[in-house]
Each structure stands twice: as structure tokens, then as C-alpha cells.
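User: I would like to learn how to read the features of a protein model with two ligands, one at a time. Could we begin with the general idea in each case and then turn to the example?

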Amino acid sequence: MVSIPGGMLTAQQLVKVSLVLVSLSTVCPLATSSTIEYYQPEQVHLSYGENVYEMVVTWTTYSDCDSVVEYGIGGFALKAQGETKKFTDGGSESRSMFIHRVKLSDLSPDAKYTYHCGSSLGWSGVFWFSTAPEDLSKWSPHLAIYGDMGNENAQSLARLQEEVQRNVYDAIIHVGDFAYDMDSDNARVGDEFMRQIQSVAAYLPYMTCPGNHEQTYNFSNYRARFSMPGDTEGLWYSFNMGPIHFIALTTEVYYNFNYGMKQLVKQFYWLEEDLKEATKLENRKQRPWIITYGHRPMYCSNDDYDDCRQHSTFVRKGIPFLKWFGLEDMFYKYGVDLSIWAHEHSYERLWPVYDYKVYNGSLNAPYQNPGATVHITTGSAGCSERTDPFIPIKPEWSAFRNSDYGYTKVKAWNETHLYLEQISDDKDGEVIDFIWIIKDKHEAFNSNQQFNGDKEFREVSLE
Ligand SMILES: *[C@@H]1O[C@H](CO)[C@@H](O)[C@H](O)[C@H]1NC(C)=O
Ligand SMILES: *[C@@H]1O[C@H](CO)[C@@H](O)[C@H](O)[C@H]1NC(C)=O
Ligand SMILES: *[C@@H]1O[C@H](CO)[C@@H](O)[C@H](O)[C@H]1NC(C)=O
Ligand SMILES: [Fe+2]
């Protein structure tokens, strides 16, 4: 019953009043959500396109609009258009957003570009990036590499923001486990994570692979938000940076069969083709360093129950029981120089190792002409799950272990010298570990009999 001062309403008046009330109650709540327009670009980040002279700018808006980047050297002389794609999260609210992707192709070498992105309805702030030199054979790319950062407790982020904006790096590689989790709170955690890395990722290529924390809804948040080279929505791909051929892998295809086994098989055969191509004589001469990255390691000595504590790790020896599609033999066969992993919230460096056997170059210089792939695990950038401790006794194949928060720096100086160091954020940026990997030749490990630290010739049987 609605009463107004001065008495009761007639039936006719009542209908009118209630119509007004009905329309008010339906319009008002909507008015606070649907009439807010979200055309302002956010979550701006970069990645390499098909080569280092092509950059992809990716960002998010919550309302539908065009995808434009205005850019240039010392001013916005150029303009590129791209695509806008609606992404709907799989959560209960089916939240949707618009992901914008624009390719900047044929960039000039050795240049500093400034850019902003958006559309006639709203522009981002101004960002910049630097391009690779013209002579890629003389380039010594420098990268920061880590996994497991998180939205909450992203310990290493401030240090990385500082370094990136001071032009320390050419690129960053984030080896899976981004936001904990991107789909959490109807993908709001993913939004906030992407906002917080903008101050890094809008200034250099932020290259990625998925981890277990991205698996929800078939990795849809990961696939939608990042733009990696190739046609797999960032699940596996490769790219070249000067003397390095990088290969990104999804180790989750070995652990998560919710989405079928097809992906595992596809990735495996793709990898073999990619390695065949990368190790053709003329290609390897140009890009001698082959570096892989994937989330879950083949080896670890952490005090937990993860698969890397098992002898026959799935990524190493293949899927359970059948032992198909293991990666270690493949890495060995094609002479992968360095394999980078994360997932364990710590840093661990291995001696050159194949099938649990150490193949030091020599006892005094284990990383000089090593007889097998060098593995490191760097999964301690941050995150709410804290860091992981180690079992007390260090296995024979493990060289150095540390559970500080931090990240890894890699610099390929030239075709013979690759430098790698571990930064502790807990120790205020101190370098807590470093090695030089020195190689006179980059080739299949089984093709040259080498002296190893045990003063034995290792057997060359692979098949
Ligand atoms: C999961 O996503 C991939 C694309 O990355 C697609 O090919 C596959 O069919 C999807 N699987 C399922 C079960 O939806
Ligand atoms: C490669 O780089 C290392 C480290 O800077 C240097 O000592 C070495 O002389 C370089 N080699 C060549 C061939 O330039
Ligand atoms: C490999 O080299 C390191 C460093 O010299 C040494 O401590 C380790 O015992 C060597 N491992 C083997 C199996 O020779
Ligand atoms: Fe993980």
C-alpha cells in the first residue's frame, strides 16, 4: 500500500505510482552499472610478434571499442589498427571484457619508440620501448626470468619495475603461475595482476608460458590476456633474440588431462619439428643458444610431494606407465643448452645432468663445454604461498639451492659465453649465485664423446 499525505490513492493513481516505482527499481540499479562506460585502456603489455622488429601491444577495456596504437620515434607519427576480441570469463558472473591487440611491424632497429594505445573514446598514458640492434649477431640480449609471482605478495615486482624503467633488460620471461589465480573472484584477480605488471610489461616484451595456476576453464584467462607468437594462443611457441632461440612449453599438458591428451601430442611433435629447424647447421650457427622454458621442472630437491621429487618425472620421462613423450631425451638429442623451470618456490641450479647422471665439462669447470643440458628452477618471484624449503641432503646432481624471494638474470654475451645470476630480493638485490656457461660448440650431446667429472666416458646409447 502506498499512502500520500491527504488520504488514499484511487486505483488508477495506484497503478501509475506503482508503474513509476517499477521503472525506478529496474532502471536505477542498472543505471549504476550499465551506463558506466569503460573505454579507458588498462593492463597494457607488450610481446614480440614474429620477430624482434615486431611488437604486439595488448590491453583491456570493459566496453567495446576500436584498437589503435599511435607510435613513433620521438612522436606519434605512425598509427596501427588491430583487433578487439570479447573475452568472457568462465566464472559464475560470466564477466566479460574486451582484449585489444595491435601489431607494430617493421620497426626500426636500435630505436626508442614512444606509444599510447586506445581509440577515439580514450587513450592510455604514454609508454616506450627499445628495439634490437640491426646486427643481431652482435646483440647480447639481457633478460629477467622468473615464475610464480602472484597478485598478493609479489615480492620482486618493485625491484623489477625499477630496473625495467631504467632500461636494464631487453625482455622478461614469466615461467607460469601469474596471479593466483587469474580466474579468481570472477577474473578480478587476473585484472589486478595485469594492472600491476603494466609498469613493467608496457616497456618491454613480457613473454610467458602457462603454469598450473592458469588451468581453470582450459587456460582461458591465460590464452585471452597474453599474445605470444605462433598460432597456439601462447601454449607453446618459439622466438629468437640475437644468439638465442627460446622455446616456450606448457608442462601442464603432462599433468592435466581434463582437456584431453591432444595438446600433449601436438606440442611434442611441434617441439621436435622446431628443434630440427633450430639445429640445422646454418640456423644454429646464427643462434647457437637453445633455451627452453616451461613451468614444472624435471628435477628438484624441495621438501614437498611435487612430481619433480619423483625419479621418473612426467615431463622428463613421459606420461605415467606408457612413458611416452618424455622431453629429456629430446633435449639431449638436440643439444638444448639451458632449461628454465619454476613451480618450486625457490631457486635451484643443477650441474649439467642427463638421466640423473652429472656430465660436468670437467671437474674444475663444470659449465665449460658441459656434456648435458643445464637446468635451473626459478620460481620464487613472490606469491601468497611463501617459498619452498629443501630436503636437508643435497643430491649429487644439485649444485646450488636457495629459498629467498628473487629472480634470475640471463645475458647471452655472444655465441660462446652465457651468463646467469640469481638476485635475492630478501637480501636487497644481492647476487647470491652466478655461473658462466661456456661453449666452443653447440651440438647434439650424443654426437661427441666427452670426458666427464667421473673420469669415465659416458655411454652414448639413447635409443
Ligand atoms: C582447450 O583449448 C584449446 C585451445 O587452446 C582447444 O584446442 C581445446 O579443444 C580445448 N579443449 C577443451 C576440452 O575445450
Ligand atoms: C664473448 O664474451 C665473453 C664475455 O664478455 C668474452 O670474454 C669473450 O671474449 C667473447 N668472445 C668473443 C668471440 O667475442
Ligand atoms: C661436478 O663439478 C662440481 C664442481 O667442481 C663438483 O663439485 C661435482 O662433484 C662434480 N660432479 C661430478 C659427478 O663429477
Ligand atoms: Fe606452479
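Analyst: Let us start with burial: a residue is buried if 20 or more other C-beta atoms lie within 10 Å of its own, exposed if 12 or fewer, and partly exposed in between, with C-beta atoms placed from the backbone. Of the 463 residues of the protein chain, 46% count as buried. This is a predicted model, in which local features need pLDDT of at least 70 and side-chain atom pairs count only at pLDDT 80 or more, while totals for chains, interfaces and linings use all residues. Residues are numbered from 1 along each chain as its sequence is written, and chains are lettered from A and ligands numbered from 1 in the order in which they are written.

User: What average pLDDT does the protein chain have, and where is the pLDDT below 50?

Analyst: The pLDDT is the predictor's confidence in each residue, from 0 to 100. The protein chain averages 91, and 89% of the residues score at least 70. Over residues 1-11 the pLDDT is below 50, and this stretch has 7 contacts in the model beyond near neighbours in sequence; residues 13-32 are also below 50, with 4 such contacts. Two residues are in contact if their C-beta atoms, placed from the backbone, lie within 7 Å.

User: How many helices and strands are there?

Analyst: Helices (H or I, at least four residues) and strands (E, at least two) are DSSP runs, numbered from the N terminus. The protein chain comes to 8 helices and 24 strands.

User: Which residues of the largest nonpolar core touch the most other members?

Analyst: A nonpolar core is a set of buried Ala, Val, Leu, Ile, Met, Phe, Trp, Tyr and Cys residues joined through C-beta atoms within 7 Å. The largest one here has 113 residues, and those touching the most other members are Leu 46, Val 57, Ile 145, Ile 172, Val 175, Leu 204 and Ala 248. Helix H3 (residues 184-201) gives the most to this core, with 7 residues. For Ile 145, leaving out residues up to four places away in sequence, the residues touched include Ile 173, Val 175, Ile 340 and Tyr 407.

User: Why does Phe 445 count as buried?

Analyst: Phe 445 counts as buried because 23 other C-beta atoms lie within 10 Å, although Phe 445 is found in the segment after strand S24 (430-438). Beyond the neighbours within four places in sequence, Phe 445 is in contact with Tyr 332, Gly 335, Tyr 354, Gly 371 and Ala 372.

User: Where should I look in the backbone, and is Ser 94 buried or exposed?

Analyst: Ser 94 has a phi near 45°, a positive value in a residue other than glycine, and its place is in the loop between S5 and S6. Ser 94 counts as exposed because it has 10 C-beta neighbours inside 10 Å. Asn 186, in helix H3, has a phi near 50°, which is likewise positive. The peptide bond from Tyr 180 to Asp 181 is cis, with omega near -15°.
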